[in-house]
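Work through the exercises below with the structure open. Try each task before you read its solution.

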Amino acid sequence: MFYAFISQEVKQDATGKKEITVLDPKRSNAINIGLTVLPPPRAIKAAILKMDNSIMNKEGIEKILTMMIPTEEEKSKILEAQMANPDIPLGTAEQFLLTLSSIFELEARLKLWLFKLDYEQLEQEVAEPLMDLKKGIVDLQKNKTFRCILSGILAMGNFLNGASVHAFSIEFLQRVPEIKDTVHKHSLLHHLCTLIIEQFPDSTDLYSDIGPITRCSRVDWEEIARKLDKMEYDCKASWDHLRAILKHDGSSTDLKGKMSLFLADAAERIMILHIIYRRILNRYSKLLLFLGFAVHDAREMKINHFCKVISEFALEYRTTRDKVLQMLQKKANQRERKKTRGKMIVDTENFKGKDAANDDALNAILKNGYTSADERGLPGQKNRRKLDARSMGSTRGGMTTDSDMYDTGDDEILEACVRTATAPTSRPQRERKRSRSQRKSLRRTLKGGLDSEEMMVINSYADHV
């Protein structure tokens, strides 16, 4: 790494204070910008020596590694300038680089520290997709709906093509939603969903059962392999960094014990991840052979592409299945409506199924507290005189009551409505408003007679006429 230098200068800052600057202005400006997000230089040195995460985080370590590590040439230039002007302080960037250069094996310490901070996240990024693939393979092999779908597609294909093949390519699943019949223009997937719902009513929508496969379709498996190899390479390099650090710090420090245990555990876990990775790939190859792939096709089929085909088909299947279920439910509702079309409510099964107790309760509510005409008589009807026992006995055979002439049970609702309409209201009668002027009617005038003034008015009109 080479940087351009200017000659040694003594400059004054904005406050008039002198300082030594030996770095190129661009280099000095970049370091000063980086220092704005870092702790003070002395705190940085202590944090690096102790690998203290509470003082400096991962971003600070990466920034120092990428653009702020001093070179040997910079270190020598800064030392020469300081010895030439011992009374003048160094610039901020020069002082920071001089502080970092005083740390033995600076780059090794930073890389070892960064590997320690990154290891858990890297392990999680590799382990989670492997676990999803393992679970997805098991779920796909045991899923009954998936088997029914494959068998249904194979049977339909043999029927339409007039053939008797034993398997089909997994790529055909992408074409199933596109193939349509010539009559109703329904897709082959629509007919497949209808068939599976009728033949296997306990089947599922498939998409909800293969969540791990869906997540695996979004993973770059080549990147997973590269991350695993990088973890192994960084772990080996970390052992070399630790040995280089211990040459200067000695073997009695706490750093040796903690980092040795961490690297030993990390190396063991990385080896286990390699074993898991190979075994899961073998299971994936066995799944492809189980689905009817040839050996050379199984080797070329990538995990990402296979999972994407299965996931996209499952999503299409769930969408089409929901539409078919809605259509079947709609047809069932129409059939139920046709059963009672043109019939009275009393002729339906639901009405006949009610017991007498419910009918009595309904009649009691509809009566609204009124009795029949036999008990109370119609509104406005005069009370009849009670007949004596003889007349009642003599006319009993010739008399007919309401209950004899009409079915009072059927007319109770009508009687209740009549009683409500003719019942006397409790509101006070509205009085007629009288005129404010003192008017007299002609009848009252003729009856009471005319006074003297009224007679004079009448005589004057008579003389005029």
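This is a predicted model: local features need pLDDT of at least 70, side-chain atom pairs count only at pLDDT 80 or more; totals for chains, interfaces and linings use all residues.

**Exercise 1. Confidence**

Find where confidence in the protein chain is lowest and where it is highest.

Solution. 
- Start with the whole chain. Its mean pLDDT is 80, and 74% of the residues reach 70 or more.
- Go to the helices. Helix H17 (residues 389-395) has the lowest confidence, with a mean of 47. Helix H9 (residues 211-216) has the highest, at 94.
- Check the stretches under 50. Residues 378-403 stay below that value, with 13 contacts beyond near neighbours in sequence. Residues 1-7 are also under 50. They make 14 contacts beyond four places in sequence in the model.

**Exercise 2. Overall make-up**

Describe the protein chain by its secondary structure, burial, surface and contacts.

Solution. 
- Count the elements: 21 helices and two strands.
- Take burial next. The chain has 465 residues, and 31% of them count as buried.
- The accessible area is about 32,800 Å², and carbon and sulfur atoms hold 53% of it.
- Finish with contacts. Among those with a separation of 6 or more, 76% join residues 24 or more positions apart.

**Exercise 3. A helix pair**

How do helix H6 (residues 106-142) and helix H10 (residues 221-249) pack?

Solution. 
- Two values are needed: packed helices are described by the angle and the distance between their axes.
- Read them off. The H6 and H10 axes lie 9 Å apart, at an angle of about 155 degrees.
- Apply the cut-off. Angles over 145 degrees count as roughly antiparallel. H6 and H10 are therefore roughly antiparallel to each other.
- The crossing of H6 and H10 is left-handed.

Definitions and conventions: Residues are numbered from 1 along each chain as its sequence is written. Side-chain values use heavy atoms; hydrogens and water are left out. pLDDT is the predictor's confidence in each residue, from 0 to 100. Helices (H or I, at least four residues) and strands (E, at least two) are DSSP runs, numbered from the N terminus. Contact means heavy atoms within 4.5 Å. Buried means under 20% relative accessible area, exposed over 50%, partly exposed in between (1.4 Å probe, protein chains only). Accessible areas come from the Shrake-Rupley method with a 1.4 Å probe; for residues, only the protein chains shown count as cover. Axes are lines fitted to C-alpha atoms, for helices over the stretch in contact, and angles run from 0 to 180 degrees between N-to-C directions. Angles under 35 degrees count as roughly parallel, over 145 as roughly antiparallel, 65 to 115 as roughly perpendicular and the rest as oblique. A crossing is left-handed if the near helix is turned anticlockwise from the far one by less than a right angle, and right-handed if clockwise.
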